[in-house]
Amino acid sequence: MAALKHRRTALERVEKFLSDTYFTDCNLRGRLFGDRCPLASLSCFQTPRRIPYDEAVRQEFRPAQVGDSFGPTWQTCWFKVELSIPPEWAGREVHFVWESDGEGMVWRDAQPIQGLTKEGEKNSYILTRTLKKSEPHSLTLYVELACNGLFGAGKGSMIAPPDPDRRFTLSKAELVVFNRDVYELLVDLEVLLDMARLLGEESQRSFQALYTANQMVNVCDVADPSTFPAARGLAAAVFGQRNGESQHTVHALGHCHIDSAWLWPYEETIRKCARSWATVLGLMECNPELIFACSQAQQLEWVRSWYPGLYARIQDFVAKGQFVPVGGTWVEMDGNLPSGESMVRQFLQGQRFFQQQFGHTCSEFWLPDTFGYSAQLPQLMRGCGIRRFLTQKLSWNLVNSFPHHTFFWEGIDGSRVLTHFPPGDSYGMQGRVEEVLKTVKNNKDKGRVNHSAFLFGFGDGGGGPTQKMLDRMKRMNDTDGLPRVQISTPDQLFSVLEQESSQLCTWVGELFLELHNGTYTTQAQIKKGNRECERILHDVEVLSSLAVAQASAFQYPASQLQHLWRLLLLNQFHDVLPGSCIQLVVEDALQYYTEIRRAGARLQEEAVQALCRELLQPQAGSAQSSLVLNTLPWERTEVICRTGPDGRDTLALVTVPSMGYALVREPLLPPQPVTVRKQEDGSITMENGVISVCLDMMGHLTSLQLVGSQRESVPAGCYANQFALFDDVPLYWDAWDVMDYHLETRKPVRRLLKPLEVSLAGGLRGSASFSLQVGEGSSLTQEVILDASCPYLRFLTQVEWKEAHKFLKVEFPVRVRSTNATYEIQFGHLQRPTHWNTSWDWARFELSLLQVWAHKWVDLSEHGFGVALLNDCKYGASAHGNVLSLSLLRAPKSPDATADIGHHQFTYAVMPHLGSFQDAGVIQRAYDLNFPLHVVPASCAQCPAWSAFSVSSPAVVLEAVKQAEDRPGALLVRLYEAHGSTVDAWLQTSFSVQEAMLCDLLEQPTAEGHLPLEQQGVRLSFTPFRVLSVLLVLRQ
Ligand SMILES: [Zn+2]
């Protein structure tokens, strides 16, 4: 019957028909479930540990009931569920319904079968689709209930520290008849209602959808299911009206972002993976079209070792092409702070795992949730067999909207990868009309590409896709007025983007996230652990490689190194290394660093013993001497500290060849000793013939001169090494964000606890110390050290930190005028402006006033002169105008209320230089600061200095030396061009090399392959920032 319809009343009429709040006594939603039946019995046992099933079921279970609560936080309750389906439910679909605040897992026949998580809309487990007489009506299930929610247990807000005393209530546990026909009709009506609402009053389709939905309500008698097919037919007619050829295609990929640790510890993540993936396998069994993209080799490895049955099922679905491993990395790591070599290992460990477990490597890099992306990543991806990249986090930018969703991203060396940001700005879509419309509307590359990705499934805490998400999207498959929505694999998506790529734009340089910039500083111990353990593993690999090549009996510790690397790589996860995790995670992370330090020290000692056995063995009559080892690829002359036979530490100036060692008996005499003088006004001057410095009583650096040129670095009237404290209260993301307005709260640190005093009088080393009070409760002690022959001044710093929402930095105003500062990144460096003109400048580069990230050094240079700031464990720095600053400590309170409270030790250094930073060797000196020489007591008095490797060009850094994967007779060396220049270099080695081959980062020989061996070694050609890996097959 034709009737006048009021848009609003028609819309609301349909809404009420679907409401789970209003009119459920007479609406369709009220009919979703039929009869109910309580469980036959329910019992439970509780444990503070996360234990395996076999152990759990052997425990004594006590009676439990619905309404009981369990806890506290992080406990686990195992429930034994005995159920008996009433025979009169024959032919019906029966669900086991379970509602609780904690995350549950159903176990059936000793296998994890499905997650039950309220926040992930998973409250029921389907016992049977159609109850048959022949199937068992009684069975026993177990439910493993974690006393934490999908997002942990934050007290008061999601990111607040966990409430240790939370209780978790079981609010429902029963059997219920599920009316599938009602459900299907509800989904039809929901999609039509959304079309009606969202396509808008100017759209013909909106009214068609609305009138159809209205008519369906007319047709439908909720008490009479025989009326449902007619209603469904009306909906099918609308969904069946096809699009034209030009319509946008949304490629839906099932996904489940699982943070490897965040608001819950690593151990809980293992169970999150099992819950989420068991659920998705169940969905795949019922929906053979479902594709699920799964990243992070570490998580698969966890499930492999903890849930072998589930893992075997995953392998089957990988073989079927439904469960698709993506990413290629060990974890979804932080995109800024890991070193170049760490990033290579993320791919090496990841891709090798995927190859071994599933027979192929990943062809997409997948990092949807990381806080910015290094400009070196395109080259690293390409070197690991990856040309495609998916992320979306830049949609969080505070100021500037990133101009593309599909584009080529070009790194600092010129490598390019096809990059896609799902335009819906989320990796946790739910398959709603609103989201697919946003995906099309938001797409910034309209007219260039007509395809985009749509990642659906609950994420962050796990959860993954649901049947309802799939059912919504089935209705949008090809419906006029909506984009086409098809389930695709990542390969299908990127293949069509590649076909359409001729019109795409290119973005050059880093993908900088204008948010979360506090993560370069938060949790300083984690940052320090990362830098230190990167160094330890570097040194162990170098020394073990030399030992293998030198002493054939030595066994390269390949499996121990793999284990230690994997711990380090795990801690580089994008909520751990950035410091945005809870205290439990910090404790785990620090524990892993301790393990790396301990095992690394042992492995290093074993390698040194094997390498230098004769030199270390006590020999009758030989005098005590020291063996000094250098793991860096250039000769170094430095002051070392060695322990004499009397147990006393003495200093010595030594020269050690590149990647080699020297035996030191009689130390060198410095060309000029360090002089230290206290002046009448309490200030202290130090000079070593290279630089001369003056420090005032407060420890300020009032003068820093290059002796040769008399060039002064500190502007008149300014203080360098000036500490400043800022109020640090972000808008919400406490551990993550540092806001622009914090700069307006700057307070120079001026309270002296102990004035500057000479600590070492000079000679090989001079130093002076002082102490300051910082804020209300913190103190800082510094020893300012100048070594003979050293071109930089070192600041060994101890802080007792007891602040709340404060940010400590140290500032160096310098007499340099430049519009750009240079920052070290992975295998290279880049420039960022020291001023701002545009909003992009403002964001990225006034953020560079807040802090931007850098690795071992930052440099501000004008023609002919510059000043560099080096550090041994800091990642936040800034250069604004002529002031270089290093971010030292923060004190956020969420999600870890204890973050950074306690003792800290770190070192930074200032290095003035003539010429460019490249020519002045800033890069090398920053390595020197980070990789101290190793000093071992020796007995042999005579031994020529020995070098295993050297490189002919100062532009080229030999970064890594390791045993080749799967090839015990070969070494893998990795070098990169560090100056930003095109250069040829000779790699020389004292080992007997049989064959040399260029290979990719996965250690596969490349097409250029074979390298001729010549007198001078192997000749290598570099373009700016090029990374080269060379396989050296040793002559046995
Ligand atoms: Zn994440």
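Guide: Begin with a definition: a salt bridge is a side-chain nitrogen of Lys or Arg within 4 Å of a carboxyl oxygen of Asp or Glu. Keep in mind that this is a predicted model. One case is R751 with E776, whose side chains meet in a salt bridge at 3.9 Å, N to O. R751 belongs to strand β33 (residues 751-763), while E776 sits in the loop between β34 (765-774) and β35 (778-787), so the pair links distant parts of the chain, 25 residues apart.

Visitor: Is R751 buried, partly exposed or exposed, and what about E776?

Guide: Buried means under 20% relative accessible area and exposed means over 50%, with partly exposed in between. R751 has 44% relative accessibility and therefore counts as partly exposed. E776, with a relative accessible area of 65%, is exposed.

Visitor: How many salt bridges does the structure hold?

Guide: The structure holds 54 salt bridges. Another of them joins the side chains of R232 and D188, at 2.9 Å from N to O. R232 is in helix α5 (residues 228-239) and D188 in helix α3 (residues 180-199), so this pair ties together parts that are 44 residues apart in sequence. R232 counts as partly exposed because its relative accessibility is 31%. D188, at 2% relative accessibility, counts as buried.

Visitor: What is the distance between the closest N and O atoms of D369 and K393?

Guide: The closest N and O atoms of D369 and K393 are 2.7 Å apart, and the two residues form a salt bridge. D369 lies in the loop between β15 (364-366) and α10 (377-383), and K393 in the loop between β16 (388-390) and β17 (406-410), so the pair ties together parts that are 24 residues apart in sequence. Both D369 and K393 are buried.

Visitor: Which residues are linked in a network of salt bridges?

Guide: The network links R50, E103, E144, E267, E268, R271, K272 and R275.

Visitor: Now the helices. What describes two packed helices?

Guide: Two packed helices are described by the angle between their axes and the distance between the axes. Here, helix α9 (residues 340-358) packs with helix α15 (residues 558-571) at an angle of about 110°, and their axes are 10 Å apart. That angle makes α9 roughly perpendicular to α15, since 65 to 115 degrees counts as roughly perpendicular. The crossing of α9 past α15 is left-handed.

Visitor: Which residues make the contact of α9 with α15?

Guide: From α9 come E341, S342, R345, Q346 and Q349, and from α15 come Q562, W565, R566, L568 and L569. By type, the residues of this contact are three nonpolar, four polar and three charged.

Visitor: At what angle do helix α7 and α9 pack?

Guide: Helix α7 (residues 297-306) and α9 pack at an angle of about 45°, with axes 9 Å apart. The two are therefore oblique to each other. α7 passes α9 in a left-handed crossing. A297, L300, E301 and R304 of α7 make the contact with G350, F353, F354, Q357 and F358 of α9. These residues divide into five nonpolar, two polar and two charged.

Visitor: Why is α7 described as largely enclosed by the rest of the structure?

Guide: Because seven of the 10 residues of α7 are buried. They are A297, Q298, Q299, L300, E301, W302 and V303. The buried residues of α7 pack against α6 (266-286), α8 (308-319), β14 (323-325), α9 and α15.

Note on methods
Residues are numbered from 1 along each chain as its sequence is written. This is a predicted model: local features need pLDDT of at least 70, side-chain atom pairs count only at pLDDT 80 or more; totals for chains, interfaces and linings use all residues. Side-chain values use heavy atoms; hydrogens and water are left out. Axes are lines fitted to C-alpha atoms, for helices over the stretch in contact, and angles run from 0 to 180 degrees between N-to-C directions. Helices (H or I, at least four residues) and strands (E, at least two) are DSSP runs, numbered from the N terminus. Angles under 35 degrees count as roughly parallel, over 145 as roughly antiparallel, 65 to 115 as roughly perpendicular and the rest as oblique. A crossing is left-handed if the near helix is turned anticlockwise from the far one by less than a right angle, and right-handed if clockwise. Contact means heavy atoms within 4.5 Å. Ala, Val, Leu, Ile, Met, Phe, Trp, Tyr, Cys and Pro count as nonpolar, Asp, Glu, Lys and Arg as charged, and the others, Gly among them, as polar. Buried means under 20% relative accessible area, exposed over 50%, partly exposed in between (1.4 Å probe, protein chains only).
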